[in-house]
Amino acid sequence: MRAITRPLSAFVDHLPDLNDVAGGDGMLFVRDGVGLAARGVAARVAIDDAVDLLASIDHDSTVDDAAPLALGNVPFIPGADGSLIVPEVVVVKRHDQAWVTAIDGADVATALAARPDPLPSSASWAIESIVDEEVYLRAVTAARDAVRGGELTKAVIARPIRVSSTTPIDVHAVIRRLKASFGSSYRYSIDGFVGASPELLVEVDGAVVRSHPLAGTTRRSGDVDTDRRLAEELQASEKNQIEHRVVIDDVHDRLLPWASYLDWEPEPSIVKVANVQHLGTRMEGMLSQPGPTVVELVRALCPTPALGGHPRDAAIELIRSVEGFERGRYGGTVGWVDANGDGTWAVAIRCAEFSDDRRSARLVAGGGIVADSEPLAELAETQAKFQAMLSAIVRP
């Protein structure tokens with residue numbers, strides 16, 4: 001393969017919205033206007049082979065630091081196969097520059113052509129639980145009892161729902177709504193997998209490594225004073241602090257062997273998104289050189305205890321025995337890697353998996369279970385988390 005990279009200004013005289021470049025049938029990974037949008041499939045590659053393939057591409061570039069890249073996801077189960085897409089055309093926007101990379105002479109003009117705005121439409125909708133509520137409540141109880149019995153420190157229990165429409169769901173409209181409500185989250189749309197994740201699993205930028213684990217959740221009410229009180233209660237909650245500390249310690253311990261140093265916030269801060277607020281702790285460090293690729297770190301970290309539990313193997317064994325469904329892409333990670341091994345990967349939450357005909361989507365939400373967890377409270381937490389995608393999809 002041969003790639004050509006040129007500044008975006010060589011093709012257009014304005015910066016296009018990445019959501020509109022992706023549209024309903026392209027690919028997107030963006031946060032706060034920074035990221036990438038892509039169209040077409042030049043190749044699919046196993047994630048563990050991606051950096052070698054990208055490095056083998058003959059690359060003609062007039063943009064410093066630009067490199068061929070691939071994007072995709074890794075499923076929840078550790079070591080599961082994951083494939084990435086090398087796009088035919090990708091538009092990359094950073095804070096200070098933007099460029100386009102085309103593979104094997106792909107048509108850049110068509111990829112950048114304006115797409116019509118999504119049209120308002122109405123439909124009849126149905127929302128159904130894929131797993132019975134009682135199955136979920138028993139699973140939470142089993143996880144809580146395992147923690148109380150000393151078998152686990154934490155386990156994350158999730159439940160799926162299905163949203164169905166009488167007309168095809170416009171993915172372009174969905175990602176636009178996610179931009180309006182969740183612009184500071186990592187928004188993605190790849191192979192029918194669409195979401196807005198507030199959680200950074202890992203980012204590698206040269207020698208710099210970053211992570212921003214989240215664990216511990218409360219709702220948002222829309223009232224400033226009420227939300228402040230809820231945030232204070234979240235920070236004071238022993239249950240949520242325990243859940244959060246398990247995640248932070250695990251991510252730290254898995255990153256530390258790769259790092260010459262690793263720093264983190266002394267106390268978790270509040271991370272607010274449109275519908276909920278979380279406890280979060282930022283980490284940043286320098287990788288020992290020669291350093292690992294971001295793919296190697298993805299394999300080391302995924303899934304974190306924020307989506308699996310601790311100890312990892314025991315928690316995942318319990319999850320698979322009691323949840324009553326296969327998670328697939330939910331709870332894994334989604335992102336991109338380039339030929340240098342750099343990249344950004346978010347935890348695959350607040351997501352929907354659309355059917356091929358776009359008439360239905362599977363949504364999954366979960367929460368961390370510790371000794372003080374109460375099943376009905378956990379059910380309410382999943383309902384709050386579902387609102388992120390439901391509000392972007394459902395238009396009656």
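**Loops, cis bonds and helix packing**

Biologist: Where is D191 found?

Modeller: This is a predicted model, in which local features need pLDDT of at least 70, side-chain atom pairs count only at pLDDT 80 or more, and totals for chains, interfaces and linings use all residues. Residues are numbered from 1 along each chain as its sequence is written, and side-chain values use heavy atoms, with hydrogens and water left out. Helices (H or I, at least four residues) and strands (E, at least two) are DSSP runs, numbered from the N terminus. On that basis, D191 sits in the loop between strand 10 (186-190) and strand 11 (193-197).

Biologist: What is the phi of D191?

Modeller: Most residues other than glycine have a negative phi. D191 is not a glycine, yet its phi is positive, at about 55°.

Biologist: What is the phi of R358?

Modeller: R358 belongs to the loop between strand 22 (351-354) and strand 23 (360-369). At 23% relative accessibility, R358 counts as partly exposed. Although R358 is not a glycine, its phi is positive, at about 65°.

Biologist: Which residues are joined by a cis peptide bond with omega of about -5°?

Modeller: Most peptide bonds are trans. Here the proline of the pair, P303, lies in the loop between helix 8 and strand 19 (309-310). The cis bond with omega of about -5° joins C302 and P303.

Biologist: What is omega for the cis bond from H310 to P311?

Modeller: P311 is placed in the loop between strand 19 and helix 9 (312-322). The peptide bond from H310 to P311 is cis, and its omega is near -10°.

Biologist: Why is helix 5 described as oblique to helix 10?

Modeller: Angles under 35 degrees count as roughly parallel, over 145 as roughly antiparallel, 65 to 115 as roughly perpendicular and the rest as oblique. Axes are lines fitted to C-alpha atoms, for helices over the stretch in contact, and angles run from 0 to 180 degrees between N-to-C directions. Helix 5 (residues 171-182) and helix 10 (residues 375-393) have axes 8 Å apart and pack at an angle of about 130°. That angle makes helix 5 and helix 10 oblique.

Biologist: Which residues of helix 10 meet helix 5?

Modeller: Contact means heavy atoms within 4.5 Å. Helix 5 brings V174, R177, L178 and F182, and these meet helix 10 at A388, M389, S391, A392 and I393.

Biologist: What is the angle at which helix 7 and helix 8 pack?

Modeller: V251, R254 and L255 in helix 7 meet L297, A300 and L301 in helix 8. The axes of helix 7 (residues 238-255) and helix 8 (residues 294-301) are 10 Å apart, and their packing angle is about 140°.

Biologist: Which residues does S122 touch, not counting those up to four places away in sequence?

Modeller: S122 belongs to the loop between helix 3 (108-112) and strand 8 (125-129). S122 is exposed, at 53% relative accessible area. Leaving out residues up to four places away in sequence, S122 touches T167, R395 and P396.

Biologist: What distance separates the centres of domain 1 and domain 2?

Modeller: Domain bounds come from an automatic or database domain assignment, which divides the chain into domain 1 (2-112) and domain 2 (125-393). Their contact takes 40 residues from domain 1 and 45 residues from domain 2. Taken over C-alpha atoms, the centres of the two domains are separated by 25 Å.

How values were computed
Buried < 20%, exposed > 50% of the residue type's maximum accessible area, 1.4 Å probe, protein only.
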